[in-house]
Amino acid sequence: MAVTEVHHGTEVHPGPVTPTLWHRARWVVDDSLVITKRNLLAWWRVPAYIVFTVVQPVMFVLLFRYVFGGAIQVPVPGGYVNYLIPGIIGQTAGFASFSTAIGLTHDIQRGGVDRIKSMPTARSAFLLGRLTADTLRLLLTTLVMVAIGYAVGFSFSGGAGYAVAMVALSTLLGLAVCCVAALIGLAVKDEEAVQAFGLIWIFPLTFVSSAFVPIRSMPSWLQAFARNQPFTQVINALRVLALGPRVEPVVRESLSSATWISLVWLVGAIVVFVPLATRAYKRA
Amino acid sequence: MIIEVSGLKKHFGHVEALRGVDFAVLEGKVLGLLGPNGAGKTTAVRILTTLLVPSGGRATVCGYDVAHHPAAVRRVIGLAGQATAITPDLTGYENLEMAGRLYHLGKVTARRRAHGLLERFDLSDASNRQAKTYSGGMLRRLDLAASLIGRPQVLFLDEPTTGLDPRSRLGMWAIIRELVASGTTLLLCTQYLDEADELANDIVVIDHGLVIASGTSEVLKDRVGGDVVEFSVTDRTRLSAAVDAVAGLSVTVPTVDPEAGRVQVHAGGRGSEVLVEAVRGLDAAGVVTAGLALRRPSLDDVFMSLTGHTAEEAEAAAGVGGAGPGRAGAGGRRSSKRPGGRS
């Protein structure tokens, strides 16, 4: 059928207009921000979600500080609380990924993305908006935990610059874990399965790490995994940043190498998993 | 042609959802895509709205091939249906404004259109309430409004009244009629025969991934013999006497349901004459009847005569329907509620 026959009596399209790269880049940013706002508003209106974001991490801090903490010996200046807070911030970043995976699965299961996919909206916006919203929420949680940490005896001892760097690195950790979780959520597409699967990979990574106890207290066969897995690398870096270079001997890491190894892990995860998750979203 | 579909095929693994479907929609017209669950309607709509890539054949919307220029297609279409795209925790207004922004309308335009649509669909009072507090009918109206915010030339409505109560359903119908009157081209996907009858100019009946009939609802109805004079025989032993009394009046052999004692006389275009003659004949034969009536054939009759089974049986054969609670349609027939599975 000739194209000229198609448009009788209606506004004629001059053929598919290809938007410029500039437009498309702007739409990715604008559309992602619209989706970010949607997710943050939806979160803000459900009190249970706020409790999950804020109260649960606080409970973890209090639990480890006052219940388990007394039994854990660490040679860190300021005692266990200074060891704990960077670790628990890293663990919380890992757990933030649950809401990413479950949120995406929920939207897809309901058929909620069909219309957005049928609109001129940027393809990557739904995923990027979700990641941005979850990362911002995690940042809030992290700040709450720092405040609670101060209330129970923690203090940054490396200076303001290091403190800001620690919060930034933990946020990047959260983003990276959320990227992995996004792929899982989009690939599995079942809320309960995603939840179960999340426990299977997040629990070992966060608990079999240097987050709560020194790795040398673990059996030797476990130490090899615990010492080299990415969460430990990042948590070590968080700890050095929080407490300053004087804890380098305790975690047996130098500030620069711990930070570099962490950055390689995290940026690598983001670079690998964002395209994979975007592809999974297009297919979902 | 605003929508043109030829030889469209889609398979999922070994399952053939569409096996070569052809249809076309003229500008400003309503095409009813009719069929039971699992017939392939939703697959066709998902291909036309660029959510699925066809396995074979061709589909164009406003001249753009959906497989090759999906981005161009997305700029001229709207998709609405079962309100799954509504974010329940956002207010009605926020949902519309968000949809407007995602259509790349400017902030000001998105706001203005959102308010306009809320007004038009009688949702102004509820505009600042979260969508999760809306009734089923309000949600569908909001969903429809969201799909219109980009002023699409073609609107796809996927089962817009499934699961609604009869009153909300009539409300939706009124809104859809208004839209069509204002010039929107519409592809309406439905499993309700009366809905297609009520709203569509042309109807395409799909069953098992194939088009089994198409035409206006009048053309389809004429295929089953026009008007129907229908009655029940109270005394079953008199059933054959009753059939004999009216057999001469029927264009085709009368349809007899021996269990219910019901007889349908196919009257062609002479409905009222046949009705009068049937009353005389039955009276002369001394048969007592109940519920003697003249009616236009329903699309259900059409479906029955085309496929040899009712829409509900087809649905059961497709293995998706059946279990849901029945709902009395405005046309008086019961249809199974769609359980949420996609065809």
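Two residues are in contact if their C-beta atoms, placed from the backbone, lie within 7 Å. The model is predicted: local features need pLDDT of at least 70, side-chain atom pairs count only at pLDDT 80 or more, and totals for chains, interfaces and linings use all residues. Residues are numbered from 1 along each chain as its sequence is written, and chains are lettered from A and ligands numbered from 1 in the order in which they are written.

**Exercise 1.** Describe the side of chain B that touches chain A.

Solution. Step 1: chain B brings 30 residues to the contact and chain A brings 27 residues. Step 2: two or more residues of this side of chain B come from each of α2 (70–74), β6 (77–80) and α3 (92–102) of chain B; helices (H or I, at least four residues) and strands (E, at least two) are DSSP runs, numbered from the N terminus. Step 3: α3(B) gives the most, with four residues. Step 4: the side of chain B that touches chain A holds 13 nonpolar, 10 polar and seven charged residues. Here Ala, Val, Leu, Ile, Met, Phe, Trp, Tyr, Cys and Pro count as nonpolar, Asp, Glu, Lys and Arg as charged, and the others, Gly among them, as polar.

**Exercise 2.** Work out the strand order of the open sheet in chain B, and what packs on it.

Solution. Step 1: the six strands run β6-β7-β8-β3-β9-β10 (chain B), with mixed pairing; two strands pair if DSSP finds at least two bridges between them. Step 2: β6 and β10 (210–215) of chain B are the edge strands, each pairing on one side only. Step 3: neighbouring strands are turned by 15° against each other on average, direction ignored. Step 4: β3 (residues 30–34) and β8 (residues 185–190) of chain B pair in the parallel sense over five bridges, and Leu33(B) has Cys189(B) as its bridge partner in β8(B). Step 5: helix α5 (residues 136–148) of chain B packs on the sheet, touching β6 and β7 (154–158) of chain B, and its direction makes about 165° with that of β6(B). Axes are lines fitted to C-alpha atoms, for helices over the stretch in contact, and angles run from 0 to 180 degrees between N-to-C directions.

**Exercise 3.** Characterise the packing of α3(A) and α7(A).

Solution. Step 1: the axes of α3 (residues 47–68) and α7 (residues 125–151) of chain A come within 9 Å and cross at roughly 35°. Step 2: the residues of this contact are eight nonpolar, three polar and one charged.
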